[in-house]
Amino acid sequence: MAFFYYTEAETGYLKKKDKRLGAVIDTLGHIEREVIDDLFEALVFSIVGQQISTKAQVTVWGRVRDGLGAVTPETVTAAGEEMLRGFGLSGRKAGYILSAAGRILRGELDLKALEKMSDAEVKQELCRLPGVGVWTAEMLMTFSMQRKNILSFGDYGIRKGLRMVYHHREIGQKLFERYYKRYTPYASVASLYLWAVAGGAVPGMRDYAPRRR
């Protein structure tokens with residue numbers, strides 16, 4: 001099992017840049033978030049989980065891994081749509097996965113080449129894959145590629161964490177960008193703590209978003 005790698009150098013930087021986030025870091029200590037090192041496997045895992053509960057994702061993912069043995073472009077292609085649907089995937093999701101596998105096998109997408117690209121370039125390349133939007137690309141960049149400077153505006157937990165730490169009623173794009181610049185170049189590490197806060201890890205912190213009537 002692998003975890004997102006960061007050290008006291010990153011948290012020390014964030015603590016100097018932001019006292020409120022620094023207090024959260026001191027309270028929670030080092031956070032271990034599991035990653036999937038293989039980018040294609042992580043992509044399949046992400047597609048499996050689209051629009052279903054976490055529990056259902058774990059169940060279907062277990063079937064996929066057990067059924068394929070190794071989740072690679074080769075094993076996915078050999079399995080075909082019928083077998084993938086037999087694992088519990090919809091036809092659309094099976095199509096997304098097969099399309100990605102085909103592009104890789106045909107040399108249209110070189111996953112290793114992504115490692116040398118900028119964050120913006122990687123996001124652009126990943127978003128060309130069917131079924132991969134900006135949020136999915138950002139999660140893959142964080143929890144597979146372990147890029148250190150990702151903060152996802154499209155992620156509800158990130159916006160909620162920002163509201164809770166900084167007592168905002170809402171997080172718009174301009175305000176979000178201000179925090180992203182403050183956390184750079186370690187926004188991904190900040191994200192780990194914002195997700196933890198959003199999940200209730202710090203007692204007494206509440207969401208300042210207006211209550212719906």
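Colleague: What covers the buried residues of α10?

Modeller: The cover includes α2 (19–28), α11 (173–183) and α12 (187–198). Contact here is heavy atoms within 4.5 Å, and buried is under 20% relative accessible area with a 1.4 Å probe, protein chains only. Helices are DSSP runs of H or I, at least four residues, numbered from the N terminus. This is a predicted model, where local features need pLDDT of at least 70, side-chain atom pairs count only at pLDDT 80 or more, and totals for chains, interfaces and linings use all residues. Residues are numbered from 1 along each chain as its sequence is written, and side-chain values use heavy atoms, leaving out hydrogens and water.

Colleague: OK, why is α10 largely enclosed?

Modeller: Eight of its eleven residues (156–166) are buried, so the rest of the structure largely encloses α10. Among them are G157, I158 and R163.

Colleague: And what sits just after α10?

Modeller: H167, with a positive phi of about 60°.

Colleague: Switching topic: which residues touch the most other members of the largest nonpolar core?

Modeller: F40, L43, V64 and L126, out of 35 residues. By nonpolar core I mean buried Ala, Val, Leu, Ile, Met, Phe, Trp, Tyr and Cys residues joined through side-chain atoms within 4.5 Å.

Colleague: Which helix gives the most to this core?

Modeller: α3, with seven residues. There's also a second, separate core of 31 residues, including V165 and Y166; those two are also among the buried residues of α10.

Colleague: What does L43 touch?

Modeller: A100, L129, V132 and L140, not counting residues up to four places away in sequence.

Definitions and conventions. Buried means under 20% relative accessible area, exposed over 50%, partly exposed in between (1.4 Å probe, protein chains only).
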